[in-house]
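Look at the structure below, then read on.

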Amino acid sequence: MQLENLGLYYWAIAPEIIVSVVGVIIMMVDAFSSRGARKLNAVIALAGLIAALVSVVMLDGLGSGSYFSGMVVIDPIRIFFSVTILLAAIVAALLASQFLKDEGLPPGEFFSLLMFATAGMLLLAGAGDLVTVFLGLEIASITSYVMAGYRRYDLRSNESSLKYFLLGSFSTAFLLYGMALTYGAAGSTNIQKITAAIASGQVNYPALLLIGAALMIVGFGFKIASAPFHLWTPDVYEGAPTIVTGFMGTGPKVAVFAAFIRVFVIGFGPQDSEIGIQLHTTWVTVLAVIAALTMTIGNVIAISQKNIKRMLAYSSIAHAGYALVGFLTGDFAPVAFYMLAYSIMSLGAFAVIQLLARAGDQRTEIADYAGIGFEAPALSFSLAIFLLSLAGIPPTAGFMSKFYVFKTAWDMTPELRWLVLVAVINSIISVYYYLYPIVVMFFRPLVPGFIKPRIAGMTMIALILTLLGTFYLGIMPNRLMNAMSRPPAVVTQITVK
Amino acid sequence: MEQIAIDIPRLLFLAFAGIAVVAAFNLILQRNPIYSALSLIVTLCVMAALFLLLNAPFIAVIQIVVYAGAIMVLFVFVIMLLNIREEESKIDRQKYLKWLAAPMFLALLAQVFAVIRYVDTTPPSIPSANAPGGNPAESLGTVESIANAMFTTYVLPFEATSVLILMAIVGSMLLAKRDSKQDIERIETALDAEQAEQEQAHLAAEKSNKEVAA
């Protein structure tokens with residue numbers, strides 16, 4: 001094979017390269033600088049993430065295509081999901097500075113883990129081959145396991161890390177087995193070639209393909225915390241340091257959704273052959289049931305939670321269910337928009353919780369929030385806005401994203417209208433538990449021992465960014481929606497360069 | 001003459017497969033973990049020989065270097081460091097697993113026979129990309145063909161794997177490094193607090209019991 005045919009075009013993976021190199025630079029700076037160059041690390045990380053964001057936007061100019069012999073692709077899915085991932089990483093990096101200082105934790109490793117996690121997620125969002133899907137997912141997962149246990153002296157953090165590691169490895173094995181069977185059935189790991197094999201009906205053993213797809217649903221379903229595979233979520237989210245929870249609940253989930261869409265919606269999309277139709281109807285049915293279960297279980301269990309981090313963990317399960325409704329429309333735009341809106345409001349909520357919980361996450365019970373509404377008005381009002389947005393109250397991002405998903409699903413898939421109804425009923429249920437902390441904050445007597453938290457400059461910037469994002473997406477979503485639907489919404493034809 | 005030429009690989013296969021099965025049984029029957037580890041090494045080495053018979057020299061070498069070499073050394077190190085002598089007698093709790101094991105084994109056996117019976121065993125056509133020059137079937141599994149694939153088609157995954165391994169190293173260093181004094185104090189206070197909480201709960205429970213009794 002000639003080297004020219006491989007598509008070794010480094011601009012195509014510029015974001016991943018930038019983020020990884022910055023990760024290595026941070027490790028070096030940390031090793032050679034005096035103890036705790038926290039500010040410097042944060043600034044380098046932010047500069048790298050912003051440079052990566054610029055390079056992602058410039059990828060658009062390269063045009064759609066696949067590079068590195070089909071290992072990565074450039075298409076609208078990659079661009080929109082990568083932007084979301086990088087925004088989540090930027091907010092997490094802004095918040096990390098104060099967190100690391102308050103807790104007295106080593107900064108260098110944290111920022112380099114953050115950078116490499118981001119690199120893995122970007123790779124996952126751009127993966128055009130099952131091999132890169134797996135590698136991206138593993139890089140993102142292993143860094144998440146470590147970050148969940150970053151507060152080493154805290155028993156809850158250790159528990160969270162260990163649980164996440166064991167169950168996560170288990171689910172990765174499912175995913176890998178599914179990939180192996182799919183490879184055996186289709187004769188290739190390249191998603192485009194798999195699609196071509198299915199479309200032409202040249203599948204070695206149709207049963208293998210179905211089992212492979214089922215195992216991959218288990219693997220992906222675990223990573224996005226969807227219903228029968230969600231049991232790890234509350235413990236892991238509660239035990240991990242709050243900003244890690246915020247990052248873990250957004251970045252990896254966004255990236256896995258991107259890969260999930262590329263493998264299932266595009267790779268296993270509706271094809272003319274018999275096996276293609278069978279595969280498509282099967283996974284659509286399975287995922288519709290999973291979506292309904294995910295929403296219902298997440299919302300119903302969230303109602304009885306006393307701890308705000310656990311409550312938001314169940315809420316994140318429910319939101320994965322709503323995003324799956326968008327997933328079933330066969331269009332990536334609703335999911336991309338939903339995940340962007342969800343990431344912004346969820347990170348904002350976790351930022352406030354981090355500040356109110358103080359060092360060591362001591363105050364995370366909802367009862368600890370009693371009466372603080374007018375003691376720390378800025379934080380309380382921000383948290384109230386984020387919670388209302390998660391509940392889907394206009395004019396916030398949460399409302400617009402839900403509306404977009406439900407409307408698209410209602411119009412494009414008439415046979416799944418029952419699912420939209422389930423989703424709407426679920427979002428009404430969810431209003432109860434999102435309003436409860438707000439009621440506690442503003443209408444209960446002040447809890448003794450409340451100390452007004454200090455807000456560092458970078459944390460302030462992160463809060464303002466997330467608040468602005470919540471309102472921007474809620475009030476003026478048109479520009480983004482138009483940008484998403486500008487090219488043919490579902491990219492089926494990608495030329496191999 | 002021809003008869004013998006055909007039979008030698010088959011004899012070798014039977015011999016190695018037999019050793020592999022015996023060693024695998026020995027692995028799970030031994031009570032002493034060191035003996036188990038040693039039989040695992042035998043199994044892995046014999047598997048390498050089986051790979052050689054299947055014309056896959058690269059995988060055979062990797063099998064010996066990585067599995068029989070590095071990973072087994074790690075196993076033995078851990079066993080020796082932890083000073084495990086005899087298998088601890090915790091079997092009571094898992095008695096029913098024995099009854100689960102037999103059907104599982106039969107299911108696996110049935111699966112193997114099904115594969116042998118139904119699956120098409122003609123060698124797959126090899127993409128010419130992996131075999132520059134020469135007969136593709138001959139170069140399959142050699143170091144050359146693997147290097148060719150690794151540094152052309154799979155160069156990006158190859159590089160991404162280095163990031164993955166780097167992260168695994170950083171992560172394990174971070175989570176397993178020696179605790180600083182400050183950290184040890186923090187862990188102790190956390191443990192103390194938990195103990196105190198449990199004691200308090202215990203006292204409260206006793207108190208309520210007494211009240212009920214009274």
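## Helices and a chain contact

The model is predicted: local features need pLDDT of at least 70, side-chain atom pairs count only at pLDDT 80 or more, and totals for chains, interfaces and linings use all residues. Residues are numbered from 1 along each chain as its sequence is written, while chains are lettered from A and ligands numbered from 1 in the order in which they are written.

Because 25 of the 25 residues of helix 13 of chain A are buried, this helix is largely enclosed by the rest of the structure. Buried means that 20 or more other C-beta atoms, placed from the backbone, lie within 10 Å of the residue's own. Just after helix 13 of chain A, Arg358(A) has a positive phi of about 65°.

Helix 14 and helix 16 of chain A pack with their axes 9 Å apart, at an angle of about 170°. They are therefore roughly antiparallel, a term for angles over 145 degrees between N-to-C directions. Their contact (C-beta atoms within 7 Å) involves these residues:

| Helix of chain A | Span | Residues in the contact |
|---|---|---|
| Helix 14 | residues 377-391 | Ser380(A), Ala384(A), Leu387(A), Leu388(A), Leu390(A), Ala391(A) |
| Helix 16 | residues 417-443 | Ser430(A), Val431(A), Tyr434(A), Pro437(A), Ile438(A), Met441(A) |

Between the chains, 27 residues of chain A are in contact with 21 residues of chain B. Helix 5 of chain A gives the most to the side of chain A that touches chain B, with nine residues.

How values were computed
A residue is buried if 20 or more other C-beta atoms lie within 10 Å of its own, exposed if 12 or fewer, and partly exposed in between; C-beta atoms are placed from the backbone. Helices (H or I, at least four residues) and strands (E, at least two) are DSSP runs, numbered from the N terminus. Two residues are in contact if their C-beta atoms, placed from the backbone, lie within 7 Å. Axes are lines fitted to C-alpha atoms, for helices over the stretch in contact, and angles run from 0 to 180 degrees between N-to-C directions. Angles under 35 degrees count as roughly parallel, over 145 as roughly antiparallel, 65 to 115 as roughly perpendicular and the rest as oblique.
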